[in-house]
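This report describes a predicted model.

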Amino acid sequence: MSTFIELVINGVSAGAVYALIALGFVIIFKATEVVNFAHASLLLAGGFVTAVLHDDIGFLAALAAGIAAAAVLGVLVQVLVLRHARVEDQAVLAIVTIGIDIVLATELTRRIGTRVLSLGDPWQDKIVYVGGVGIAQTRIAALVVAAAIITAFLLAFRFTSWGVAMRAAAEDGETASLMGIRLSRVSLAAWAIAGGLAAVAALFLTVFPTPGLDRGTSFAAMKAFPAAILGGLDSTTGALVGGLLIGLTESLVTGYQGDLTFLGRGIGGVAPFLVMLIVLLVRPAGLFGTREMSRV
Amino acid sequence: MSERRTSPRLIGPGRWWLVPVGFAVMLLPPFYLDAFWLQTGLFAMSAAIGAIGLNLLTGSTGQLSMGHAFFLAVGAYGYVYLASSPEDGMTGLGLPTPLAFLGAIVLAGVAGGAFSPIAGRLRGVYLGIASLALIFIGQHVLFNAESVTGGFNGRNVPPLEIFGFSFDDSPGVVVLNVPFGALERLWFLAVALLVPAAWIARGILRGRPGRAMNTIRDHEVAAAVMGVPVARYRAGVFVLSSMYAGAAGALLALAFRRTVPDYFGMFLALDYLAMIVIGGLGSVAGAVAGAVFVSVLPQLLTRFGDDLPMVAAPGSGGVSPAEAARILYGAAVVAVVLFLPRGLAGVWPMLRSAASRRRASRHLTPLEKEEQPA
């Protein structure tokens, strides 16, 4: 039983981190209709900057620098490339971000090389025991921080004028622009926020029990794609639910791997994608996504 | 939809000379090139077959697929499984190799058909990410189904043998004083596969099905209203594109002589998307051009890396040729979408129309017209 509780807590914590990534993905999609396959690279960039700087300027400053770097990178992608792409087709825009991802990921993995970088977090591998259940401090920190950020974001999204502008732009870009909302600014904000969220997620993807930031980290970040998709690409609620679902699935399947040997080794990494396929079979637009209606 | 938009004419009137030139380009290399370039050419040709398939699906019908590498893997491992005889813990059917090759293509088609319940329901990017799942699931299966795939270490590929002629290094075949080893023989096999593959795809794109596919891409509802059976077309194109991938995979396996699961990962799937975008979405010639660009670039950089600035030997800490190639073609994808929306395949028609425009405008000024050579 205690194993189960442990797995659930770890799963929820991992899920909160996936939700952070998926949220950024969804924000970009809502604001600019671009599906950003370069998201994993933004994450890797943020993590890398944090990892390189933390020895010199301390953990918190390095984290802030990482967040800033990922945000700036996101903004650059929008300003330098996507703004100039006069393409209507979503698939082609998606492929453009794949091109960007290839460039960024290659350069970053080259710089990382075979090293495993620590991000210098203050929790390290300390473990807290609550009623006989051992939980790593990093997992608690991930859960608390992710929950706080997501809450803050959702509140801002609902109550600030910036949030209203954002939602209006997502709802109907043309009308919003006629109402005096600057769409270019909205999309820049979306990319910056998404980059920042990804950098925070990078921290929690690479702390204990994961050894650190290495070239495989972007693959871990890929699991946020099924999270965003199964929740519904245009739904922030969906991103949260999707993230938790993916985190829980992965944690439970990995934890009970011993009983699932007939599925082969390493099924934990594949389970999120299987769950996604099953959800999409039943609900092709994800759990909370808007179904495309076509009337003739 | 104009003829030119769907498929720029490959051989028009007055361009008959392209035919002998094309044959020379495709048939002469084995007599002159060394093993390194032959190998590169083989990869390029198998990639071209796969890219044509992906372009039918993504470029012409608008179905984003990030899972193309999975179907290549089905083709490659399908061939190995069907052709090998069972030995040391490995299973296999030991079929005659040409039959195994066809079987591999059919298997890939079946895999594509099996995915169609999902592919048929999803649109656009949802389909892209769902097909990304195929890559991860495929890798999992390849690593775990050891008796079929050989697991991490992969499996040897039995050479193809057609009517007693074996596509391997067996001695005794000398044509025009050039000893024909496996690579030379496989080169002709690849040409013999690529030409009909391109021909069939071009026929499909230019005919009624091609129009239907483009309409589905541009507006699905409009297509349905005009009487295109959208679901059937989408499923059909998915199967067809998987079969192209299967053929490409089986050919790759023959060229590699050993299949390893690592190769068929996400990078390969992204490479294929890069090929069709760089070459030109929705055009057969574009798919071939993109495939050649993406497969030859890393080899060029490897070969001539010493003479290039910025490219260092692998492991020395600088940018290795493979990395430089990836960065270059990633940037090429972005640049093509920004500046050449129709890809490399669009360059030639663009130059032609620019030239004819210039000529046309010159007709207006009689003075210049006199200067024109007759």
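## Packing of two helices in chain A

In this predicted model, helix α11 (residues 236-255) of chain A and helix α12 (residues 267-282) of chain A have axes that come within 8 Å and cross at roughly 145 degrees. The crossing of α11(A) with α12(A) is right-handed.

On the α11(A) side, the contact is formed by Leu245(A), Ile246(A), Thr249(A), Glu250(A), Val253(A) and Thr254(A). The α12(A) side contributes Ile267(A), Gly268(A), Ala271(A), Pro272(A) and Val275(A). Sorted by class, the residues of this contact are 7 nonpolar, 3 polar and 1 charged.

## Annotated transmembrane regions

An unreviewed UniProt entry lists several residue ranges of chain A under "transmembrane region", among them 59-82, 228-248 and 260-282.

For residues 59-82 of chain A, the span is 96% helix and 0% strand, and its end C-alpha atoms are 33 Å apart. For residues 228-248 of chain A, the span is 81% helix and 0% strand, with end C-alpha atoms 15 Å apart.

## Contact between chains A and B

The contact involves 38 residues of chain A and 36 residues of chain B. On the side of chain B that touches chain A, at least two residues each come from α6 (97-121), α7 (124-144), α11 (220-225), α13 (266-279) and α15 (321-339) of chain B. The most is given by α7(B), with 12 residues.

By class, the side of chain B that touches chain A comprises 25 nonpolar, 7 polar and 4 charged residues.

Key. Residues are numbered from 1 along each chain as its sequence is written. Chains are lettered from A and ligands numbered from 1 in the order in which they are written. This is a predicted model: local features need pLDDT of at least 70, side-chain atom pairs count only at pLDDT 80 or more; totals for chains, interfaces and linings use all residues. Axes are lines fitted to C-alpha atoms, for helices over the stretch in contact, and angles run from 0 to 180 degrees between N-to-C directions. Helices (H or I, at least four residues) and strands (E, at least two) are DSSP runs, numbered from the N terminus. A crossing is left-handed if the near helix is turned anticlockwise from the far one by less than a right angle, and right-handed if clockwise. Two residues are in contact if their C-beta atoms, placed from the backbone, lie within 7 Å. Ala, Val, Leu, Ile, Met, Phe, Trp, Tyr, Cys and Pro count as nonpolar, Asp, Glu, Lys and Arg as charged, and the others, Gly among them, as polar. UniProt positions are given in the numbering used here, feature names are shortened, and annotations may be inferred rather than shown by experiment.
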